[in-house]
Amino acid sequence: MRAVFGSFLAVAALGFAGMAAAADKYADFSANPTNAPIPSVFGFAKFIKPEVTKVAEGFYTFSHAGARNVFIVTGKGVIMTDPLNPTSAKIMREEIRKVTDEPVKYVIYSHGHWDHAAGGTIFKAEGAKFVAQEKCVAYFKNFPNPDVPMPDITYKDRKVLKLGDTTLELMYLGPNHSDCLTFIRIKGTPYLVMVDMANPGSAPRGDMMDYSLHHWVRTLKEVEAMSADGVTTVIEGHGPPTAPLSAVAERREYLEALMAAVKAEMEKGTPSDKIADTVTLPQFAHLKNMDRYFKKNVDRVVSYYTIGY
Ligand SMILES: [Zn+2]
């Protein structure tokens, strides 16, 4: 990245009138032979248009079908995060090519889950090296997927990745969401890239799969504390292109309030299968998807306090 601060600017939003046009446009490189709508990770069975947003000079975020990654043009090649899925990855490759002729040199896995990690084969074919926290290797071996190339480079706690004049610090903050999540600090900028930790403006998805709840809260506090290191803005794997650090605080406050409310209800002796009908958090009614996810969130916390999961 040649310069790091800049205003948000949507540089390419592929416009089309509707789903039929979208299916035609991507017919050639869709991994889906029927061109059926791609089920997004939010569960919407509808096509969501791809979008590239310029965050700062040389620094972009790509979004498609409900998931998001980032790519950085360094002058010596491109560093990108998750390929997302085979269909999105092919669209992403075309979008990156519209911005730069530089090859993709590194693909950094945020973690092992397939809604972010699949689709990298095309980048592997052009010579990209794949980077992940070392515990993702065991995850990928346990849950093999032909669309998920194994990492070429792993790290344990911290790794500095330099290319051109871009320096990234990859950080493992322990278990939180899965047990191999990488946080990426883009040095010299106010940006932190993370995935599945805060989804700004929304309630957590459903039954909060593969989260260690107390470690999740701990990690969010650690991210909030990065303000002392100049972090003001996060780029998440779902949701808007960027969000202030206050979105991280809001997610942490939601989890703390949810856990306290469920615990209090359990201590009253309310049967566990009735707690989701009893607990409310009106102070978070403004969050998106509360109607869809809140009761599942409650049930997940009941499991946490019942069996330690
Ligand atoms: Zn995940």
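Two points on ground rules. Residues are numbered from 1 along each chain as its sequence is written. The model is predicted, so local features need pLDDT of at least 70, side-chain atom pairs count only at pLDDT 80 or more, and totals for chains, interfaces and linings use all residues.

Start with the whole chain. The secondary structure comes to 8 helices and 14 strands. These are DSSP runs numbered from the N terminus: helices are H or I with at least four residues, strands are E with at least two. The chain has 309 residues, and 43% of them count as buried. Buried means that 20 or more other C-beta atoms lie within 10 Å of the residue's own; 12 or fewer is exposed, in between is partly exposed, and C-beta atoms are placed from the backbone. Now contacts. Take those in the chain with a separation of 6 or more: residues 24 or more positions apart account for 65% of them. A contact here means two C-beta atoms, placed from the backbone, within 7 Å.

On to the strands. Strands of a sheet pair through backbone hydrogen bonds, either parallel or antiparallel. Two strands count as paired if DSSP finds at least two bridges between them.

First, a hairpin. S2 (residues 51-56) and S3 (residues 59-64) run antiparallel, joined by 5 bridges. Alanine 56 stands opposite phenylalanine 59 in S3. There are 2 residues between the strands, and glycine 58 takes a positive phi near 80°.

Next, strand S7, residues 129-133. How many of its residues are buried? The count is 4 of 5, so S7 is mostly covered. S7 pairs with S6 (residues 104-108) in the parallel sense, over 3 bridges. There, valine 107 stands opposite phenylalanine 130. S7 also pairs with S8 (residues 153-155), again parallel, over 3 bridges. Alanine 132 has threonine 154 of S8 as its bridge partner.

Then the open sheet. It has 6 strands in the order S9-S10-S11-S12-S13-S14, and the pairing is mixed. Which strands stand at the edges? They are S9 (158-163) and S14 (243-244); each has a single partner strand, so one side of each is left without a neighbour in the sheet. Inside that order, S12 (residues 191-193) and S13 (residues 233-235) pair in the parallel sense over 3 bridges. Leucine 192 stands opposite valine 234 in S13.

Last topic: helices. H6 (residues 213-224) packs on H7 (residues 245-267) at about 150°, with the axes 9 Å apart. Axes are lines fitted to C-alpha atoms, for helices over the stretch in contact, and angles run from 0 to 180 degrees between N-to-C directions. H6 and H7 are therefore roughly antiparallel, a label for angles over 145 degrees. The contact includes Leu213, Trp216 and Leu220 of H6, and Leu245, Leu255 and Met259 of H7. By type, the contact residues divide into 10 nonpolar, no polar and 5 charged. Nonpolar covers Ala, Val, Leu, Ile, Met, Phe, Trp, Tyr, Cys and Pro; charged covers Asp, Glu, Lys and Arg; the others, Gly among them, are polar.

Is it buried or exposed? Tryptophan 216 is buried, because 22 other C-beta atoms lie within 10 Å. Leaving aside neighbours within four places in sequence, tryptophan 216 is in contact with Asn176, His177, Tyr211 and Leu255. Glycine 174 is 42 residues from tryptophan 216 in sequence and 9.5 Å away in space, C-alpha to C-alpha.

Note on methods
Angles under 35 degrees count as roughly parallel, over 145 as roughly antiparallel, 65 to 115 as roughly perpendicular and the rest as oblique.
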